[in-house]
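Me: Could you help me see where the labels for this protein come from? I'd like to set the values against the rules behind them.

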Amino acid sequence: MIQTAAIAAVLGGPKFLKRRVTSEDELRRAVEDGFPVGVLGQLARAYAVDKTPDRRALLMAHIAPSATLKRRVRGRSLRPSESERAARLARVYAQARFAFDDDALARRFLFAPHRELGGDSPAMRAGSSSTPSSRWRRS
């Protein structure tokens with residue numbers, strides 16, 4: 001199982017999350033509070049789409065529409081639902097990075113279409129869930 005600290009690192013760690021996240025409970029609370037907008041840049045860097053506008057826009061669109069993200073920059077934090085999608089993308093990247101032990105191989109896997117996913121890539125499938133995960137909800 002992937003460590004929560006690895007997921008937090010993909011999101012920029014304490015510098016960008018504005019808190020230390022080392023457990024699933026701490027990650028859940030950070031999601032519920034809404035991530036600072038700066039984590040989006042860190043997520044884009046992890047996926048290596050920070051310098052590829054088309055891919056960056058596609059990845060960010062799975063978190064929220066571009067107009068919404070522009071408004072969030074002014075508000076400085078994402079909504080919990082947007083934070084949940086960002087956390088899901090960070091988790092998928094951290095898992096691929098752990099499995100391949102190489103950033104380039106992990107990214108290649110994450111952006112390659114897979115027959116098992118109906119031709120989608122794991123990165124796009126991870127960001128496209130239309131039903132919120134119960135992982136972040138309190139019982």
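This is a predicted model: local features need pLDDT of at least 70, side-chain atom pairs count only at pLDDT 80 or more; totals for chains, interfaces and linings use all residues.

Me: Why is phenylalanine 109 called partly exposed?

Reply: Buried means under 20% relative accessible area, exposed means over 50%, and partly exposed is in between (1.4 Å probe, protein chains only). Phenylalanine 109 has 32%, so partly exposed is the label.

Me: What makes α8 a helix, and which residues does α8 cover?

Reply: Helices are DSSP runs of H or I with at least four residues, numbered from the N terminus. α8 takes in residues 103–111, so the run qualifies.

Me: Which residues of α8 are buried, and how do you know that they line one face?

Reply: They are Ala106, Leu110 and Phe111. Seen down the axis of α8, they fall within an arc of 120° (taken from the directions from the helix axis to the C-beta atoms), so they line one face of the helix.

Me: What do the buried residues of α8 pack against?

Reply: They pack against α5 (53–61), α7 (80–100) and α9 (122–126), where contact means heavy atoms within 4.5 Å.

Me: And how much of the whole chain is buried?

Reply: Of its 139 residues, 42% count as buried. The chain has nine helices and zero strands.

Conventions. Residues are numbered from 1 along each chain as its sequence is written. Side-chain values use heavy atoms; hydrogens and water are left out. Helices (H or I, at least four residues) and strands (E, at least two) are DSSP runs, numbered from the N terminus.
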